[in-house]
Amino acid sequence: MMTTITHKRRPEGQWAVDGHDPLNANEVFKAADNGLHVRERVLTEYAKKGFKSIPDDDLNGRLRWWGVYTQRKQGISGGRTGTVAPEDLNDSHFLMRVRIDGQPITTRQLRVLAGISTEFARGSADITDRQNLQLHWIDIESIPEIWRRLEAVGLTTVQACGDTPRSFLVSPVAGVAADEIIDPLPVAKAIRERYIGREEISNLPRKFKTAMTGSPSLDVLHEINDISFVGVVHPELGPGFDLWAGGALSVAPKLGKRLGAFVTQEQAPEVWFAMIRLFREYGYRRLRAKARLKFLMADWGPEKFRQVLQDEFLGYQLPDGPAPAQPTGPSDHIGVHDQKNGKKFVGFAPVVGRLSGGMLGDIATAAEAAGSHRVTFTPQQKLVVLDVYKTKVNKLLSTMEDIGLTANPGPFRRATLACTGLEYCKFAFVETKALARRTIEDLDRRFEGVELPAPITLNINGCPNSCARIQIADIGLKGQVAPDDAGKTQFYFQVHLGGGLESLDRGEAGLGRTLRGLKISVKELPDYVERVTRSFLAERSSDETFAQWVQRAEEDSLR
């Protein structure tokens, strides 16, 4: 008689299935003490006793729950990355992320940020691709005063990092654009006030990213967020949101899925809270590499996912709803545009989001001179001045040019994105920000007078983690390191081509085509981008986009 052997299921760390026993070191330290509790220790101990007083679990873990990371020690080559633990690359200075949540930033807030940058961050200030402001060179002794100044004007760093609900992406023109379907700002404000900073959702399996827009330009990358609310008009219920879930990139990219559910503006905050609790209870915790919501979505599928969301966490059924229409215009909001109140909003392009404390103060002054008291950041590392009087537009354009910002950038300045890179990041192999600046200047000079059918997106990432979204760029570059034939360490980029999200020129999202074996050195980068761009211009059909051409082009044309 044959004996049937049954294999016991291996626990994946799903709280609702396996219980709360931690299955790896990261889960152990999270279970030992909630990350939000570190704030009190910063205020009463670490800021008084200094950097060396911070124990490892707080230094390399819980401080992230308050938007604080150790930055990379200066002068350490990218060749050391990956050969030692990231903690061995720690500097005694910190990176700090200020959480914006897509809210308009007042000129008063800009001046506070400018002061913090100048006094405590050596003038650093970078717009991130999640609409945050990132500072560097922060000392632990300065953090209490920085928090005090931020919170005095309604800003915070809470849950800007860590296994938490991260800062939201919100349409940079929410509430003002003339063509807006629905305003997502009340939803973002309600979620922030009700839920952000609550301990019950501060121990998630991994980060949880949110996006929301009512713009027909689809301007918040909704396909690559854990949860997205996308403005649509229901034929019977009117304006509301189409619900998406389970998108993210990194080393295992997956596009989000439509759940087919329609959500009203009033329902959206509780739907968000239901989704994050679903993730908390059913997300995989055993392996951090598989702990994002996208892996649960891949196993369940959107139909089961929606049903569990409704039955176990929301308590009611959501009606079916329509999908978003294809975008009607560019999503970066560069240039001068109409507001619904008769004023204008004006989008400006820094160089890959890099500002300074001085620039922040100057932007506040320029905005006020144009009648504005509000600016927003964009997911493309750009800046938008809202509420500009028509008669003051030209003066604003001129003043911002003097500051170093332009509303009429060259195609590569407009469409290039770069992560933090080797300058400050412990995971990076190559520099990105300075390289991007040099490359942009070179390419915009080489293509001066050449008409491109649309800007070609160039995303530069210093490591494989895709913070700069390499898989959804026309040209995506992933920083890597390897020995050459002589055994000498070389830094180069792996190339992804033809990726993108749904846009004016693209009917649906798709990930890039990887060219295996193609390695582009830092020095070769401008020549390579020029070469492949000119091949596109020479070979494209009359209405063919770069991504469409990439899919059919011979490999020789792409090298």
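Is Arg 258 buried, exposed or partly exposed? At 29% relative accessibility, Arg 258 counts as partly exposed, where buried means under 20% relative accessible area, exposed over 50% and partly exposed in between (1.4 Å probe, protein chains only). The views below come from a predicted model, in which local features need pLDDT of at least 70 and side-chain atom pairs count only at pLDDT 80 or more, while totals for chains, interfaces and linings use all residues. Residues are numbered from 1 along each chain as its sequence is written, and side-chain values use heavy atoms, with hydrogens and water left out.

**View A. Asp 242 and Arg 258 meet in a salt bridge.** Their side chains come to 2.7 Å, N to O; a salt bridge is a side-chain nitrogen of Lys or Arg within 4 Å of a carboxyl oxygen of Asp or Glu. Asp 242 belongs to strand S9 (residues 238–245) and Arg 258 to strand S10 (residues 257–263), so the pair ties together parts that are 16 residues apart in sequence. Helices (H or I, at least four residues) and strands (E, at least two) are DSSP runs, numbered from the N terminus. Asp 242 is buried, at 1% relative accessibility. The whole structure holds 36 salt bridges.

**View B. Strand S4 (124–127) has both faces covered.** Ser 124 and Asp 126 on one side, and Ala 125 and Ile 127 on the other, are all buried. S4 pairs with strand S13 (residues 354–356) in the antiparallel sense over three bridges; two strands pair if DSSP finds at least two bridges between them. Asp 126 has Arg 354 as its bridge partner in S13. The side chain of Arg 354 also meets that of Glu 423 in a salt bridge (3.0 Å, N to O). That pair links distant parts of the chain, 69 residues apart, with Glu 423 in the loop between strand S16 (416–418) and helix H14 (433–446).

**View C. Asn 132 sits in the loop between strands S4 and S5 (133–138).** The two strands form a hairpin with five residues between them, and Gln 131 in the turn has a positive phi of about 65°. S4 and S5 run antiparallel, joined by two bridges, and Ile 127 stands opposite Leu 133. Asn 132 is buried at 4% relative accessibility. Its side chain makes a polar contact of 2.9 Å with that of Ser 167 (a pair of N or O atoms within 3.5 Å; within protein, one must be able to donate a hydrogen and the other to accept it, and residues adjacent in sequence count only if both atoms are side-chain atoms).

**View D. Helix H12 (residues 393–403) has a buried face.** Val 393, Leu 396, Met 400 and Ile 403 are buried. Seen down the axis of H12, these residues fall within an arc of 75°, so they line one face of the helix; the arc is that of the directions from the helix axis to the C-beta atoms. On the other side, Asn 394, Lys 395 and Asp 402 are exposed. The buried residues pack against several elements, including helix H11 (357–369) and strand S15 (383–388), with contact meaning heavy atoms within 4.5 Å. Gly 404, with a positive phi near 115°, follows H12.

**View E. Cys 463 is in no disulfide.** A disulfide is a pair of cysteine sulfur atoms within 2.5 Å, and the count comes to zero. The nearest cysteine sulfur to that of Cys 463 belongs to Cys 425, 5.7 Å away. Cys 463 is buried, with a relative accessible area of 5%.
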